Amino acid sequence: QDSSLPVGVFVWEVENGRDEDVEVSIMFSLQNGTGAKEDRSGGHWNEPFTLQKDGERVAGVLLHHCPAVNPFTLAISAREKPGTGVTHVTAFNPTGLGREVWQDLLQDGRLDSPSGKSRPTEKGEVTAAAVCASCRVPAQGHKTLELALAWDMPCVHFGSKEKLHLRRYTRFFGSKGNAAPALSHYALTHYEEWEKKIEAWQNPILENSQLPSWYKSALFNELYFLTDGGTIWMEVPPDCCAEDLQGPAGAGLSHLLPVLREYGRFAYLEGQPGMLVLVALPVLMLGPFCSRFCCPSYLSCFVSSAAVAVVNEDVQPRQYLMCGQTAQVKMKNVVPHDIGDPGDEPWQRVNAYLMHDTADWKDLNLKFVLQVYRDYYLTRDSLYLRDMWPVCQAVMESELKFDTDNDGLIENGGFADQTYDAWVVHGASAYCGGLWLAAVCVMCKMAEVLGDIGVRQKYLDILNKGKEAFERMLWNGKYYNYDSSGSDTSSSIMSDQCAGQWFLGACGLDQGEFEVFPKSHVLSALRTIFEKNVLSFAGGTMGAVNGMRPDGVPDTSSVQSNEVWIGVVYSLAATMIQEGMVEEGFRTAEGCYRTVWERLGMAFQTPEAYREKKVYRSLAYMRPLSIWSMQLALERRAGQAPAPTRLPPDPTHP
């Protein structure tokens, strides 16, 4: 409940070091609106409020913003308590000097607190309000002033205005648009409990003297994107029915409707701005896999809509920008790139991405399968695994068509057919081939856990063939070549060449009978990446460049090969930690943190990419959440990760 609330609390600790009492006032002012042109559309108004409940009193001002679509109410407030008074200004002009507010405050440290509503604004006019918390701080004493901001937009239309969506918090505070006082009161009377829970969660990491300070900062602060990433958490529309949840090959998913209703729909943007990408609930801070499509990046109780997105087919044609070809928006049994454009109708119409036809991408299906098992491995949710099993089989069967020569290894199609969507790949490749083998390995493991002997043998045969082909076609004695084309850049050193090993390690499938990539080869590749892509790039101070030529010069064959992708670097660092290269992993990741958070000044807006000089791309991007895979790797090394178990047979799933 509490993580869904649209509130923020500002706690001011006031210490008086003097030998006499001091009167202190802190004022919080806010413009009615969002800073957009709608603020001047007219008809917006403010009013004071007080709410007393359970012996606690909160007072402030409501700012009613009344556009034709998506109206909302803002609330600024403060907590009244013995010795603390709350006063307000209902409305003032924020475009002027603010003299009427400042002179009022300076007279006695209080605001005049007029009663009644303000008049509605005229067209072209803006308005604002202010609330002031005041107290007397005794000599050598201490007081706390607590203020809050709440925003109540319960009902939402996306750009198409076809469907009305209710936000998650409305199940607790109602959807009538009058919840701002109750939200303010709840936040101001519960934040201390939240702080205790946050401290209990963070302290084991913050107090670990073996972890560097920059890492602690990056780990927790990169989570800004979960709330500042255009995040939405919606209730399932009431017209959604069980019949809408169709699984592949007759495997009905209608029984999952109660789960979908319980957890709702949660999404954030790929970047600001961007398509909506789907994540699952409840949230475990592991961060998304390195792809724009994130379902299910987090613990997967939210499975129904994921399955629907995978198996449904949309036959609308669309022309794609990079190739000029027209193709279906969504192909059956192919994981979509995203769940849609907020300017259209997400969930209803997926795949807003227009650069390529992602039905031909080689990595989306594989990442879905890998994440399904990863989430089962971490949650032990056997029902989830059983429900996702037919979906995994369907998308892997669809993926088999990319193995054009039946050698157990998929081939890339000679264009940028994966998340590096401007970096062309021909034939077998380290990135997609490695993900493929990891997904095939995971299929074997899931089949074993579920007791599906036939499917296990099928994918075991593919895995044995594919491993041989992968090593024969791509291993050059030190690392895996970018691809098998024999072109001028096919021998480039890709920083992400061990992505498959990364996920297998996170799932405990990187040794023994499930060892896909020889350990000696993995270590050699990681050492080569550290030597070339990290240390030989920008003096080892900016992380790992995506592509490096064997002679130590960045690969400039595409706009992405000579970029650093921060999220990829964090996942590379996690892979190094998994393989025992802990010092190298931390040094690799530190370069990105120092570059973004210190040298470039991009704190809380980590970009997707930057180059060595002058260029960065896509501020506030989701991929750097992958830093949490570093923490998972550290915990696994410390013996805290779970061990996989075998499930008993399920008579309802033959």
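A crossing of two helices is called left-handed if the near helix is turned anticlockwise from the far one by less than a right angle, and right-handed if it is turned clockwise. I start there since that term comes up with the helix pair in a moment.

First, what we are looking at. This is a predicted model, in which local features need a pLDDT of at least 70 and side-chain atom pairs count only at pLDDT 80 or more, while totals for chains, interfaces and linings use all residues. Residues are numbered from 1 along each chain as its sequence is written, and side-chain values use heavy atoms, with hydrogens and water left out.

The protein has 16 helices and 22 strands, these being DSSP runs numbered from the N terminus, with helices (H or I) of at least four residues and strands (E) of at least two. Of its 654 residues, 57% count as buried, where buried means under 20% relative accessible area, exposed means over 50%, and partly exposed lies in between, with a 1.4 Å probe and protein chains only. Among the contacts with a separation of 6 or more, 69% are between residues 24 or more positions apart, a contact being heavy atoms within 4.5 Å.

Now to the helix pair. The axes of α10, residues 430-450, and α11, residues 453-474, come within 9 Å and cross at roughly 155°; these axes are lines fitted to C-alpha atoms over the stretch in contact, and the angles run from 0 to 180 degrees between N-to-C directions. The two helices are therefore roughly antiparallel to each other, given that angles over 145 degrees count as roughly antiparallel, under 35 as roughly parallel, 65 to 115 as roughly perpendicular and the rest as oblique. The crossing of α10 past α11 is left-handed. The residues of this contact divide into 15 nonpolar, 3 polar and 3 charged, where Ala, Val, Leu, Ile, Met, Phe, Trp, Tyr, Cys and Pro count as nonpolar, Asp, Glu, Lys and Arg as charged, and the others, Gly among them, as polar. On the α10 side they include Trp436, Leu437 and Met443, and on the α11 side Tyr459, Leu463 and Phe470.

Let me turn to some single residues. Val11 sits in strand β1, residues 7-15, and is partly exposed at a relative accessible area of 30%. Leaving out residues up to four places away in sequence, Val11 touches Thr144, Leu145, Glu146 and Tyr191; with Tyr191, the separation is 180 residues in sequence but 9.5 Å in space, C-alpha to C-alpha.

Ser184, in helix α3 (residues 180-206), counts as buried because its relative accessibility is 1%. Beyond its neighbours within four places in sequence, Ser184 is in contact with Phe49, Val58, Ala75, Ser77 and Ala150.

Met153 belongs to the loop between β8 and β9, and its C-alpha is 6.6 Å from that of Gly177, 24 residues apart in sequence.

Finally, backbone angles. Most residues other than glycine have a negative phi. Gln140 lies in the loop between β7 and β8 and is exposed, with a relative accessible area of 53%. Ala620 is in the loop between β22 and α16, and counts as buried because its relative accessibility is 4%.
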